[in-house]
Amino acid sequence: MANMRLAMDSAFWDTNISSPQALDGTVRLVPGEPFPLDGSRASRAIRAQQLSLLGNGFPLGIIPSYSPTSQKELGSFSLQKMLLRPVTSNWWLGLIGQFRPKKLFSSIKAEVVGAEELELSTFKDIAKHFLDKSLYAIGLCSQLSLAPETSLLLSTEKHGERKRRCYKAMLFHKLPHHDVTMEAAWPELFIDRNGGYWDVPESISLDLSSLVSESGLRYRFSIHKNSGHPQAVNGTIGDPPVALMPGLCAKAAFSYEKSKDIWRKKETKKDMMVKTDKGFFYRPSYDVRLREPHAAISGIIGCTCAAWFWSSEAVDSRTQSRDGGAITLSYKKRNPLNADLFGSICYTFQHGKFRKLFGDLTRVDTRLDICSGSAFARKAVDAAANILRNSPVKRELDPLALPRLNLIFQQQVAGPIVFRVDSKFLLDSSSIKHGPFIEDIRYSLNYSLRLLRSGKVVAWYSPKRKEGMIELQLFEF
């Protein structure tokens, strides 16, 4: 079924979203905004490890991706490759390279067309274009196992068209029933609900998260610190999100999750065996998490509490965006203490066992999200009051006040290939007359890897962000 844990995780600063804007393949979701598309959550596999495995199935180990840049002449198309990957028993290192070919090809074409004759000087001028650093990006990532339950991840990357180098560090420790994570980044790249990107100069967090218990209870505690003014990336306009403003915040969240099958056809040994002229052969499902036809309903409800110990006051200032342009920022003051409720309810229907070559998987997940209980209640009260008034009063609408309807459709194309659409609809009073507004949508082709039991190669494209990439996901759908 759809990932219900996004309802709570999206309130924190460490929710990873897939994006080719960074060489590590992830950016952070701005906390406290509407829940993202279910399929947009980044793979739990580190990008360097993904490229190492994906390279075996692509010519020369080169993986394509697509993402806009601040310099339009560079184009959106890029090529990535794992250049180096030494490994020991408790340590590994990965060196990732990226190349954007559009500007190079355009420059070479201009040189050839503009030259009266192809002389030695012409070839020297052409060779100089290969040295343009804006064409390249390089990233270094290393993971060290300090103990069986503790690991340290360090990474850095530099894009030729950007002035600053990025540094990240993460310390992960696994307890019997909890995960402890400490992360820091200089800077950290965030994405807002409109698909705009923001650089936060310094982002540091300490997080304690419980594992989901059999009862469905789960909780998280986090301390997070932002430093420096958020900077717009790739022409993003508007004020920066309030959650990214400088300050120190302590946040706690609790949730209760429950799932109930309406009906389910259990897998049997007969399903896994195929009879041929040469006898019986073992044939498992392409994905063990999609092996049983069923219908189910699930839900999650929870609350968040946040306290800002210090934060910047509301100011109007002029700062520089990451790509060098000047933008005006108008900050809004935060509430030092706040608490809220959230909830989601989901219905899942699956037909097929995902074993045969054709027509053996059709799946639909429908999830209704209430991102902010307080904002939703205020809107309901205002709507009721406006009905009683002769002249309704219009107020600025809180984007969290409106419920969202998420639809996930998956259809087997052939064998292990599945076409998937993730969509999110905004529901308001005008939806009855004009129909629901599509807030976001994402298309993807998934190639399931039967040997990994629940692994797949995902090629996705987001029309809203004008981005696409290929990634490897394990035990995720």
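**Note on the predicted model: surface patch, sheet, salt bridges and cysteines**

1. Valine 413 is placed in strand S23, where strands (E, at least two residues) and helices (H or I, at least four residues) are DSSP runs numbered from the N terminus. With a relative accessibility of 45%, valine 413 counts as partly exposed, because that class lies between buried (under 20% relative accessible area) and exposed (over 50%), with a 1.4 Å probe and protein chains only.

2. On the basis of the note: this is a predicted model, in which local features need pLDDT of at least 70 and side-chain atom pairs count only at pLDDT 80 or more, whereas totals for chains, interfaces and linings use all residues. Residues are numbered from 1 along each chain as its sequence is written, and side-chain values use heavy atoms, with hydrogens and water left out.

3. Which residues form the nonpolar patch on the surface? They are Val364, Phe409, Val413, Ile417, Phe419, Tyr443, Leu445 and Tyr447, with about 640 Å² of accessible area together. Two or more residues each come from strand S23 (404-414), strand S24 (417-426) and strand S25 (437-449); S25 gives the most, with three residues. Patch members have over 30% relative accessible area and no salt bridge, and nonpolar side chains (Val, Leu, Ile, Met, Phe, Trp, Tyr) are joined within 5 Å, like charges within 9 Å. The areas come from the Shrake-Rupley method with a 1.4 Å probe, and for residues only the protein chains shown count as cover.

4. An open sheet of five strands has the order S1-S2-S10-S11-S14 and mixed pairing; two strands pair if DSSP finds at least two bridges between them. Strand S1 (16-18) and strand S14 (231-233) are the edge strands, each pairing on one side only. On average, neighbouring strands of this sheet are turned by 45 degrees against each other, direction ignored. S1 and strand S2 (residues 26-29) run antiparallel and are joined by three bridges, and isoleucine 17 stands opposite valine 27 in S2.

5. The count of salt bridges comes to 27, each being a side-chain nitrogen of Lys or Arg within 4 Å of a carboxyl oxygen of Asp or Glu. In the bridge between aspartate 38 and arginine 420, the closest N and O atoms are 3.3 Å apart. Aspartate 38 lies in the loop between S2 and helix H2 (47-54) and arginine 420 in strand S24, so the pair ties together parts that are 382 residues apart in sequence. Both aspartate 38 and arginine 420 are buried.

6. Lysine 103 and aspartate 132 also meet in a salt bridge, at 2.9 Å from N to O. Lysine 103 belongs to helix H3 (residues 102-114), and aspartate 132 to the loop between helix H4 (120-129) and strand S6 (136-147), 29 residues apart. Lysine 103 is buried at 19%, whereas aspartate 132 is partly exposed at 24% relative accessibility.

7. Glutamate 467 forms a salt bridge with arginine 465, the closest N and O atoms being 2.9 Å apart. Glutamate 467 is buried at 0% relative accessibility, and arginine 465 is buried at 12%. Elsewhere, Asp9, Asp14, Arg41, Asp207, Arg218 and Arg220 are linked in a network of salt bridges.

8. How many disulfides does the structure hold? There are zero, a disulfide being a pair of cysteine sulfur atoms within 2.5 Å. The cysteine sulfur closest to that of cysteine 141 is in cysteine 166, 13 Å away and therefore too far for a bond. Cysteine 249 is in no disulfide either, the nearest cysteine sulfur, that of cysteine 305, being 11 Å away. Cysteine 141 is buried at 10% relative accessibility, and cysteine 249 is buried at 0%.

How values were computed. Axes are lines fitted to C-alpha atoms, for helices over the stretch in contact, and angles run from 0 to 180 degrees between N-to-C directions.
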